[in-house]
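This report walks through selected features of one protein chain, with the sequence and the model to be read side by side.

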Amino acid sequence: MDRDRIEATVRRLAAFGTRHTLSSQDDPVRGVGAARDWIFAQFSGYAAASGGRMTVELQSYVQEPASRIPTAPRITNVVATLRGDSAPNRTYVITGHYDSRATDVMDAVSDAPGADDDASGVAVLIELARVMATRRTEATIVFAAVAGEEQGLYGSAYLAKQLKAAGVDVQGMFSDDIVGSSTADDGTRDPRAVRLFAEGVPTAETPAEASTRQSVGGENDSPSRQLARFVCDVAENGATGMRVRVIYRRDRYLRGSDHISFLREGWPAGRFTEPNEDFAHQHQDVRVLDGVQYGDLPEFCDFGYITRVARVNGAALWSLAQAPGTPKGATIVTTNLTNDTTLPWQRGDEPDLAGYEVVWRETTAAEWQQVIPVGDVTEVTVDLSKDNVFFGVRAVDRDGHRSPVAFPKPGS
């Protein structure tokens, strides 16, 4: 990860003045349209070095008047897709939103540099696209600079629906939103930590699924929680220099970001954000009041910190894209009352699949505690009672890459 490139991206996006969703789409130097075109050019340059594996598109639609949308603007996501070699339909998505706002969410004219919120997140995904464009992955990675977040997650909702309609198997998604600073409003710093918000009860849970969850437990075992555990396993190391603090919430208190659009489609997703926010430097008009500088300006960003967050994302995405997919069809057999536990699942079709592991933990434990290698099989019986512990299943390839854990459902 190149710190200087990340800083240059943040400063360039802030220099467009405002990137409000309702700002100019055809001014070459100011507004959301100028930012869109610049991001497209960056992605296109990296795609040119990918040997045809990365493609770039402007994904546009006209949003009819709705909440925070008084007219019908064109909303455009800038999407770079790095196609996987052996499992191209299995897909992992990373987003940052390139729109910005001032104090008044409907103010499309005033300066809204949006350096932290969210040029920082866009800088992360652009830098990851640069680094990964020349490297081969097994699964597909989508790098999406989305629009309309501040007005109501419009761009990400459209992206998620398009992927759903195309039958894409999205097995993980990350929103990088406000990852630009390690300094809190009181001046304290936490430069080696990043928060990862991961929901427990799934946003898209049906009444039947809720009934099952209530009867067997699993409030701490949603697909998003398994994704968060995976991130901690692969991204807390000397290469990233970071600690991932998983927050057991969908997002900050009563707030939201673009990962919610993917949760609504039933996919595992989480939101990366800085450890402590300084609210004088987000959603604020640029001004000096009582000697205090307000506004989301580049001078308040920590570019070394953004670079480390990019490494966390890179470790997670690379590990996901090189590992087998999360096992499908994992169940716990419930046809007989026994004190052991039988777990069947479907075998994946990865050419380098080596086998599977069963993991388990006490019901009071947050992380998996024990691992049982079971080989290249699709069913195993474990001499432990399903009444007393939680089980999971994960795939392993010949190089030792492990998938996120699948939490089994009751079955026969």
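## Ser-224 and its surroundings

Ser-224 touches Ala-198, Glu-199, Leu-263, Trp-267, Pro-268 and Ala-269, a list that leaves out residues up to four places away in sequence, where contact means heavy atoms within 4.5 Å. Ser-224 itself sits in helix α7; helices here are DSSP runs of H or I of at least four residues, strands are runs of E of at least two, and both are numbered from the N terminus. With a relative accessible area of 3%, Ser-224 is buried, given that buried means under 20% relative accessible area, exposed over 50%, and partly exposed in between, using a 1.4 Å probe and protein chains only.

## Basis of the model

The model is predicted, and for that reason local features need pLDDT of at least 70 and side-chain atom pairs count only at pLDDT 80 or more, while totals for chains, interfaces and linings use all residues. Residues are numbered from 1 along each chain as its sequence is written, and side-chain values use heavy atoms, with hydrogens and water left out.

The domain assignment divides the protein chain into domain 1 (3-322) and domain 2 (331-410), the bounds coming from an automatic or database domain assignment. The C-alpha centres of domain 1 and domain 2 are 32 Å apart, and 16 residues of domain 1 are in contact with 17 residues of domain 2.

About 1,300 Å² is buried between domain 1 and domain 2, with carbon and sulfur atoms giving 52% of this area; buried area is the accessible area (1.4 Å probe) that two parts lose on being put together, summed over both. Of the area that domain 1 buries against domain 2, Asp-221, Gln-226 and Arg-229 supply 35%, more than any other three residues.

## Polar and charged links between the domains

Two salt bridges are counted between domain 1 and domain 2, a salt bridge being a side-chain nitrogen of Lys or Arg within 4 Å of a carboxyl oxygen of Asp or Glu. Arg-361 forms a salt bridge with Asp-221, and the closest N and O atoms of this pair are 2.7 Å apart.

On the side of domain 1 that touches domain 2, α6 (207-216), α7 (223-235) and α9 (303-322) each supply at least two residues. Sorted by class, that side of domain 1 has four nonpolar, seven polar and five charged residues; Ala, Val, Leu, Ile, Met, Phe, Trp, Tyr, Cys and Pro count as nonpolar, Asp, Glu, Lys and Arg as charged, and the others, Gly among them, as polar.

## Backbone geometry to check

Most residues other than glycine have a negative phi, and most peptide bonds are trans. In this model, a cis peptide bond joins Asp-117 and Asp-118, with omega at about 5 degrees, and Asp-118 is placed in helix α3 (residues 115-132).

Arg-68, in the loop between β1 (54-62) and β2 (74-82), has a positive phi near 65 degrees and is partly exposed, with a relative accessible area of 38%. Leu-254, in the loop between β7 (243-247) and α8 (259-263), has a positive phi near 60 degrees and counts as exposed at 84% relative accessibility.

## An exposed strand residue

Val-288 lies in strand β9 (residues 287-289) and counts as exposed, because its relative accessibility is 57%. The C-alpha atoms of Val-288 and Arg-5 are separated by 29 Å, the two residues being 283 residues apart along the chain.
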